[in-house]
Amino acid sequence: MHGTWEPEIAPMGSMSGLAPVWSYLRRNRSLVAGLVLLSTLGLFVGLGHIVVDTSRSRALSAPAIRPPSLQYPFGTDRQGRDLLAAMVAGTPLTLRIGFIAGFLGVGLGAVLGFVSAYYRGKVDALIRGIVDIGLTVPGLLVLIIIAVSLKGGLTVDQMALVVASLAWLLPTRTIRAQVLSLRERSYVEVARLSGMNGPEIIVKELMPNLLPYLAATLVNAVSSAILASIGLEVLGLGPVDSPTLGMTLYWVNYNAALINGWWWWWLAPIVIILVVFLGLFFLTVGLDEMANPRLRREG
Amino acid sequence: MQLAYIAKRCGIFLLIVWLAATLNFFLPRLSGRDPVRDKLLQQAQLGGYVQAGIEAMTREYEQRFGLDKALWRQYLTYLHDMSRLHFNYSISHYPRTVNEIMAEAIPWTVGLLGTTTVLSFAIGTLLGALLAWPGAPRYMRVLMPPLWALHAIPFFLCGLILMYFLAFQLQWLPMFGGYTAGAFPALTLAFVGDVLKHAVLPALSIILVATGGWALAMRGMMVTTQGEDYVTFAEAKGLQSRTIFLHYCLRNAILPQTTALALSLGQILSGAVLVEVIFAYPGIGTVLYHAIRENDHFLIQGIVFSVIVALGLATLMLDLLYPWLDPRITYRKA
């Protein structure tokens with residue numbers, strides 16, 4: 001028996017380790033699109049940090065309002081920022097807000113979602129009630145009230161915390177729904193009968209099965225957090241002295257760059273924001289498909 | 001049974017209102033900032049003089065705004081005011097009240113948001129249904145990628161791009177505002193036309209993006225519905241494919257779509273606020289933007305509270321509509 005198994009497995013093992021990955025990526029084109037977009041952005045930021053002097057992203061470090069030229073490939077803005085430097089320095093800051101808020105949101109959401117769905121009862125009713133109510137309220141407005149109360153030198157990291165304060169609502173709901181469908185599976189029943197306790201089952205049995213799904217939820221949460229942070233920044237509640245993408249758009253709007261024909265000022269941030277959102281979106285779709293291959297049927 | 005359902009939904013609505021008021025009251029006070037003093041100091045700095053009587057003035061204003069009483073008294077007064085939708089004076093536009101300022105802005109926002117939400121929901125739902133239907137023309141498949149891409153970008157970004165091409169480059173449409181500056185608001189054909197012309201771009205930037213989202217969600221629901229046994233049964237009975245499409249698939253797939261609408265009103269509104277800001281559209285979003293720039297706490301709070309209440313009401317109405325759309329829900333215990 002054992003002998004007949006060996007030769008069948010051997011070819012798989014002897015194949016180059018990347019081959020199955022490639023063949024999977026060929027089927028999951030959304031995942032590829034997302035990864036390509038985001039790595040391009042990563043490359044831009046990475047190379048930019050080597051080539052460009054990011055200190056020129058500060059105001060008054062370049063002549064004001066110069067269209068793109070050899071010296072300033074992305075042009076400069078009215079306060080004398082080199083926009084290429086501002087993009088190189090600002091993109092990671094915006095992503096940082098998204099990742100901090102996204103991780104905090106999904107972390108808290110996962111804990112609440114698992115607890116809520118696994119234990120049910122009063123805890124579940126309470127958590128579900130809070131999430132249901134919280135989700136119907138327009139998030140940006142609540143964030144505005146929070147940010148206004150704290151206004152006066154909001155840093156990038158504080159900004160991330162403000163955004164995170166609501167970022168757990170949606171993950172909690174979606175993760176809870178997933179766990180609800182998983183907890184009735186027979187392998188969870190087996191684990192329960194074999195004497196595992198609740199936390200053990202959650203960590204050892206449920207978590208691994210939800211990993212791709214959690215990844216998709218995380219990417220989605222990062223995207224929403226970036227959207228919320230850009231929203232706050234465009235309204236003028238962002239970190240005023242940081243060149244985040246949203247703050248650049250705030251200055252664009254503040255100085256009416258569009259009517260004045262300073263197209264280079266808004267072109268770069270808009271293209272980068274488009275790449276960020278499209279990349280994250282395709283990544284979510286790709287991960288969703290990974291988590292739930294049944295979706296493939298629809299494609 | 002139905003009464004219990006209605007009572008529960010109304011209870012949730014009241015809870016939302018109370019929470020919004022409480023949040024509105026306590027959050028700014030946690031930071032320990034004094035909006036009146038801040039404003040007066042700011043004005044003193046702008047005026048370039050040192051106001052000797054600034055403490056007395058602060059006290060005077062605080063008395064006027066009721067800020068000198070104990071916290072719980074203030075809270076009760078605040079709840080009382082909120083329940084009557086009385087939002088005090090605007091700090092930056094004193095002596096105008098928050099209600100006056102909002103009353104001017106609300107029709108703009110309701111008009112823009114109401115039209116765009118209904119249009120994008122209707123177009124998107126229909127489009128999504130057609131996309132999933134095997135009998136639909138083949139060229140419709142081409143629509144999928146752009147819909148996906150559009151749906152992932154924020155409203156205001158779409159707005160900026162549209163503004164540049166349609167208003168700045170081609171000059172087909174006006175760039176800013178709700179009507180031509182200097183035009184006298186009156187119910188004439190010319191003025192209404194002017195208003196509509198100004199509304200096209202903001203509306204388009206919301207509709208283009210939102211339609212994609214609704215179409216994609218609807219398509220997903222339709223695909224699931226088409227796999228149901230009752231659809232197979234209907235096909236086996238030899239029903240016309242039109243009947244199956246309209247009465248078997250569409251009718252059922254539209255239910256979760258309505259729930260999604262109730263849930264995403266908040267998100268749509270958050271996005272629309274920014275669209276108003278970039279188009280300087282004279283609605284609530286633009287007022288909010290200026291209130292934030294001028295640090296006008298009462299105005300910000302008034303707007304946030306009324307918007308949360310209005311959206312709560314809209315959600316409540318959709319919730320109450322739901323049993324009517326889905327007769328099965330009425331017989332279930334709420």
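Two residues count as in contact when their C-beta atoms, placed from the backbone, lie within 7 Å. Keep that in mind for these exercises on a predicted model.

**Exercise 1.** Work out how many residues of chain B are in contact with chain A, and which elements of chain B contribute.

*Solution.* Start with the count: 41 residues of chain B are in contact with 32 residues of chain A. Next, look for elements of chain B that give two or more residues to this side: they are helices H1 (2-30), H7 (155-169), H8 (189-226), H10 (241-279), H11 (284-293) and H12 (297-325).

**Exercise 2.** Decide how H10(B) and H11(B) are oriented to each other, and find the residues through which they meet.

*Solution.* Take the axes first: they come within 7 Å and cross at roughly 75°. Angles of 65 to 115 degrees count as roughly perpendicular, so H10(B) and H11(B) are roughly perpendicular to each other. Then list the partners: B:Ala272, B:Val273, B:Leu274, B:Glu276 and B:Val277 in H10(B) meet B:Gly285, B:Thr286, B:Leu288 and B:Tyr289 in H11(B). By class, this contact has six nonpolar, two polar and one charged residues.

**Exercise 3.** Is A:Leu280 buried or exposed, and what does A:Leu280 touch beyond four places in sequence?

*Solution.* Locate the residue: A:Leu280 sits in helix H12 (residues 263-291) of chain A. A residue needs 20 or more other C-beta atoms within 10 Å to be buried; A:Leu280 has 25, so A:Leu280 is buried. Its contacts, leaving out residues up to four places away in sequence, are A:Gly34, A:Val219, A:Val222 and A:Ser223. For A:Gly34, 246 residues apart from A:Leu280 along the chain, the C-alpha separation is 6.1 Å.

Definitions and conventions:
Residues are numbered from 1 along each chain as its sequence is written. Chains are lettered from A and ligands numbered from 1 in the order in which they are written. This is a predicted model: local features need pLDDT of at least 70, side-chain atom pairs count only at pLDDT 80 or more; totals for chains, interfaces and linings use all residues. Helices (H or I, at least four residues) and strands (E, at least two) are DSSP runs, numbered from the N terminus. Axes are lines fitted to C-alpha atoms, for helices over the stretch in contact, and angles run from 0 to 180 degrees between N-to-C directions. Angles under 35 degrees count as roughly parallel, over 145 as roughly antiparallel, 65 to 115 as roughly perpendicular and the rest as oblique. Ala, Val, Leu, Ile, Met, Phe, Trp, Tyr, Cys and Pro count as nonpolar, Asp, Glu, Lys and Arg as charged, and the others, Gly among them, as polar. A residue is buried if 20 or more other C-beta atoms lie within 10 Å of its own, exposed if 12 or fewer, and partly exposed in between; C-beta atoms are placed from the backbone.
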